[in-house]
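Me: Please take a close look at one part of this model. Start with the background, keep it brisk, and give the cut-offs as you go.

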Number of protein chains: 2
Amino acid sequence: VKVLRGEKIGTLFHKNASLWEPSKDTSVREMAVAARDCSRRLQNLTSEERKKILVDVADALEANEDLIRSENEADLAAAHEAGYESALVSRLTLKPGKIASLAKSVRTLANMEDPINEILKRTEVADGLVLEKTSCPLGVLLIIFESRPDALVQIASLAIRSGNGLLLKGGKEAMRSNAILHKVITNAIPNNVGEKLIGLITTRDEIADLLKHDDVIDLVIPRGSNKLVAQIKSSTKIPVLGHADGVCHVYIDKSADMDMAKRIVMDAKIDYPAACNAMETLLVHKDLMKTPELNDILVALKTAGVNLYCGPVAHKVLGYPKADSLHLEYSSMACTVEIVDDVQSAIDHIHRYGSAHTDCVVTTDDKVAETFLRQVDSAAVLYNASTRFSDGARFGLGAEVLA
Amino acid sequence: VKVLRGEKIGTLFHKNASLWEPSKDTSVREMAVAARDCSRRLQNLTSEERKKILVDVADALEANEDLIRSENEADLAAAHEAGYESALVSRLTLKPGKIASLAKSVRTLANMEDPINEILKRTEVADGLVLEKTSCPLGVLLIIFESRPDALVQIASLAIRSGNGLLLKGGKEAMRSNAILHKVITNAIPNNVGEKLIGLITTRDEIADLLKHDDVIDLVIPRGSNKLVAQIKSSTKIPVLGHADGVCHVYIDKSADMDMAKRIVMDAKIDYPAACNAMETLLVHKDLMKTPELNDILVALKTAGVNLYCGPVAHKVLGYPKADSLHLEYSSMACTVEIVDDVQSAIDHIHRYGSAHTDCVVTTDDKVAETFLRQVDSAAVLYNASTRFSDGARFGLGAEVLA
């Protein structure tokens with residue numbers, strides 16, 4: 001474990017001395033109230049001024065790269081010592097070049113269109129009486145995220161750009177990385193806003209306490225396991241934005257371009273099987289059964305190492321083992337295949353067994369696409385594109401985090 | 001109490017016989033699930049088809065006016081017998097011409113722009129990859145409303161236009177009026193959608209039960225007392241859209257056109273003092289103290305019968321009695337007057353003591369207006385217009401109900 005170098009601490013923490021001590025004298029409610037007060041001052045800045053803060057944050061990240069990496073190495077050393085599995089250690093690691101790429105993404109965000117104070121609708125409701133609907137910040141967000149410390153940078157930058165206050169809780173295995181990133185970022189926030197704009201929560205008890213303050217916190221976003229999301233939802237009156245399940249479907253219509261269908265299915269399943277937007281169920285129009293084109297797709301999945309399971313109808317035709325359930329998130333190299341009569345029965349299947357996350361139709365028939373896009377009640381509905389595109393950064397919203 | 005005429009019942013209730021018996025065999029959960037299923041079919045209709053339903057609803061209201069009025073009279077007779085206060089009886093009454101005006105408002109709603117399937121944003125995120133953000137229905141709404149039976153018509157029409165399923169609970173004193181309006185409206189819903197699109201809840205127990213089904217109901221809108229709203233909020237995991245308090249402010253800046261300020265203050269306080277958007281607190285820039293123009297406004301309020309109370313600063317200057325609290329909703333011919341240093345301290349006062357409902361600035365200074373409009377964290381922020389304009393119908397949103 002490397003030791004922190006004194007001068008940098010001196011440079012970094014001139015406003016407030018203690019680095020590792022979470023300020024025990026401040027109650028969590030006071031943290032929330034302070035974040036709200038700071039957010040109101042932030043909202044009063046111009047778009048250019050909020051941009052400037054992000055540019056300063058990006059510069060500060062780069063200027064403090066050594067310090068950040070040494071703290072990250074300390075977390076990694078502790079994780080190795082604790083015997084954490086390699087996937088977790090990998091997510092925890094800030095790889096070489098990561099700080100530079102984070103700084104770059106913060107600068108990109110700085111240059112995006114201002115998300116607040118945008119006039120969404122303008123109507124003259126009576127002579128001289130103009131009604132405007134404008135976008136505005138949400139207020140104070142409580143965000144609970146996983147082990148990836150880079151998420152802290154993305155979330156904090158989005159909050160600064162959009163005029164929101166933040167309370168952040170990261171994974172305990174990334175404690176030192178998060179603490180240093182938090183310090184670097186909040187030190188770049190000017191005094192006329194206040195560094196308490198972004199509070200760092202370090203214990204689960206504090207979360208339980210914060211969840212009671214529905215008069216100060218406007219939204220909770222838990223990013224993590226289904227269990228975490230369900231637990232947060234059941235223990236607060238604050239609105240919770242989160243999805244527990246990601247049972248995503250690809251429906252191949254009889255009118256589909258089967259070469260395209262193959263590319264979409266392979267990408268949706270194989271690109272990153274553990275992702276919440278990976279395909280879990282492949283629905284196929286009944287007319288495609290026993291065609292060489294469908295067979296080609298199934299063989300390609302098998303060849304790539306995907307274990308195929310079947311719904312009750314497909315089981316009789318294809319003979320792969322029956323899936324335990326039609327609402328199943330494998331999060332691995334496996335998927336369920338089922339046969340449906342038409343687009344309507346595909347939609348019914350998705351409503352019955354899906355999770356309203358991301359669902360896709362592959363078709364060359366505009367009417368089928370229209371029906372699917374209009375009727376499927378999911379956050380993202382895709383037409384001739386892989387479910388993997390369902391992602392805040394790919395949607396051009398600045399980062400994956402708040403999609 | 002008039003007796004229902006057989007033929008009309010025959011015409012009206014051909015799909016399902018019993019009028020007064022709430023279907024006890026259907027559990028409330030089944031009602032919610034049915035509303036969701038019907039809403040999905042409704043969502044699959046074209047805008048023209050949804051319009052057509054509303055036109056049919058309007059026709060059905062007019063065709064059944066006698067029947068509706070006789071049921072309303074039965075409610076009124078029962079209310080008189082129970083000795084209800086006259087304000088409640090007045091809200092309960094469908095006055096002559098009310099059915100015609102309701103039918104007219106339903107037709108107006110039919111002709112408004114389609115609120116769903118609107119493309120809100122369209123971006124080409126990569127070559128050939130187009131991202132669209134579209135407006136869509138919320139799903140199933142549970143709406144609890146007060147004694148005014150006309151609210152049922154407004155809410156139901158908005159739901160039909162916007163592709164949502166509904167569960168409605170009206171006041172028990174309007175039971176028969178609500179039942180007949182519900183029947184008239186649902187009978188106008190075509191079979192390819194299903195009359196169970198709109199369920200009528202008749203008991204409080206059913207509400208308590210419904211509030212548990214957060215997997216089927218998407219939003220609860222309680223319209224009623226602060227107590228009702230608070231109680232609903234504390235007993236469900238379903239998101240609740242509702243405001244408990246309406247402590248609305250008018251801030252008169254030193255730059256205000258004082259003639260305009262007078263008209264706004266008088267309208268905001270006197271037009272309908274019991275309304276949630278009536279002015280409760282008048283904030284005045286310190287430079288206006290002891291000016292004849294401000295005196296003129298205060299005298300006009302007094303002359304109109306408004307009891308004036310003061311915040312601590314104004315009390316010393318103006319001498320009216322101190323208000324019990326600065327967060328006070330009089331809902332009557334009374335208001336608090338307080339002096340503030342400038343627009344910033346007016347904003348701070350509003351954030352501290354207001355209810356984030358509706359607040360207004362009167363000024364001729366664009367910068368002051370901009371600061372107020374941007375910073376005040378309320379649902380509606382008004383600039384040189386009375387707080388009474390904060391209303392769904394006046395905002396051109398089709399009805400007062402879902403503003």
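Reply: A residue is buried under 20% relative accessible area, exposed over 50%, and partly exposed in between (1.4 Å probe, protein chains only). By that rule, 51% of the 403 residues in chain A are buried. This is a predicted model: local features need pLDDT of at least 70, side-chain atom pairs count only at pLDDT 80 or more, and totals for chains, interfaces and linings use all residues. Residues are numbered from 1 along each chain as its sequence is written, chains are lettered from A and ligands numbered from 1 in the order in which they are written, and side-chain values use heavy atoms, with hydrogens and water left out.

First, chain A as background. It holds 15 helices and 12 strands. These are DSSP runs numbered from the N terminus: helices are H or I with at least four residues, strands are E with at least two. Contact means heavy atoms within 4.5 Å. Of the contacts in chain A with a separation of 6 or more, 72% join residues 24 or more positions apart.

Now the close look, at A:Ser235. This residue sits in the loop between α10 (226–233) and β7 (248–252) of chain A. A:Ser235 counts as partly exposed because its relative accessible area is 43%. Which residues does A:Ser235 touch, not counting those up to four places away in sequence? They are A:Leu211 and B:Lys237, the latter in chain B. A:Lys212 is 23 residues from A:Ser235 in sequence, and their C-alpha atoms are 8.4 Å apart.

For comparison, take two other loop residues. A:Ser331 lies in the loop between α13 (312–318) and β10 (334–340) of chain A. Its phi is near 55 degrees, a positive value in a residue other than glycine. A:Ser331 is partly exposed, with a relative accessible area of 30%. In chain B, B:Ala356 falls in the loop between α14 (343–353) and β11 (358–362). Phi of B:Ala356 is also positive, near 60 degrees, in a residue other than glycine. At 41% relative accessibility, B:Ala356 is partly exposed.
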